[in-house]
Amino acid sequence: MQLNPAGFWIRLGASLLDGIIIGIPLALISLALLGEADTWFTSSTQLTYSLLVPVIWTGYTVGKRILGIRIVHLDDTDVSFWTMIKRDLITGLVYGLTLGIAIIVSACMVGIREDKRAIHDFIAGTYVSYNPPWQK
């Protein structure tokens with residue numbers, strides 16, 4: 001299968017969809033149960049979602065699935081839990097230690113580079129493939 005790297009806007013769209021479809025209901029549940037929308041409950045559940053769902057669902061999250069993009073290893077194999085730890089947690093530390101500058105650099109990398117890989121893709125050995133089901 002010819003892999004087609006996903007660009008900045010579709011990746012951003014998938015993240016926004018995940019935020020709407022997963023984040024808003026979590027915030028409402030947290031608000032109802034704990035009296036606040038942004039709590040340990042929402043943070044830990046969103047972290048669990050971002051680490052486990054791509055492993056269980058072969059590189060997809062809900063937003064990525066809707067838009068036809070998925071996270072894969074460079075050799076087109078499915079991601080593992082360790083891959084997602086590197087992609088989310090370790091890279092999160094890099095982004096935090098650089099006070100967010102690395103996030104801006106990553107966004108530019110996805111927008112400019114031909115392979116559309118960001119810092120978190122390099123750390124984890126992944127990229128985001130664009131293969132919408134309606135083009136099969």
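Ile-66 is found in helix α3, residues 62-67, where helices are DSSP runs of H or I with at least four residues, strands are runs of E with at least two, and both are numbered from the N terminus. This is a predicted model, in which local features need pLDDT of at least 70 and side-chain atom pairs count only at pLDDT 80 or more, whereas totals for chains, interfaces and linings use all residues. Residues are numbered from 1 along each chain as its sequence is written, and side-chain values use heavy atoms, with hydrogens and water left out.

Ile-66 counts as partly exposed because its relative accessibility is 45%, which lies between the limits for buried (under 20% relative accessible area) and exposed (over 50%), with a 1.4 Å probe and protein chains only.

Helix α1, residues 8-34, bends by about 35 degrees at Gly-23, with the proline Pro-25 following within four residues; the bend is the angle between axes fitted to the seven residues ending at a position and the seven starting there. Gly-23 is also among the buried residues of α1, which include Arg-11, Ala-14 and Asp-18, and just after this helix Gly-35 takes a positive phi of about 85 degrees.

Ala-14 belongs to the largest nonpolar core, whose nine residues also include Ala-6, Leu-51, Ile-69 and Val-128; such a core is a set of buried Ala, Val, Leu, Ile, Met, Phe, Trp, Tyr and Cys residues joined through side-chain atoms within 4.5 Å. Strand β1 (69-73) and helix α4 (81-97) each supply at least two residues of this core.
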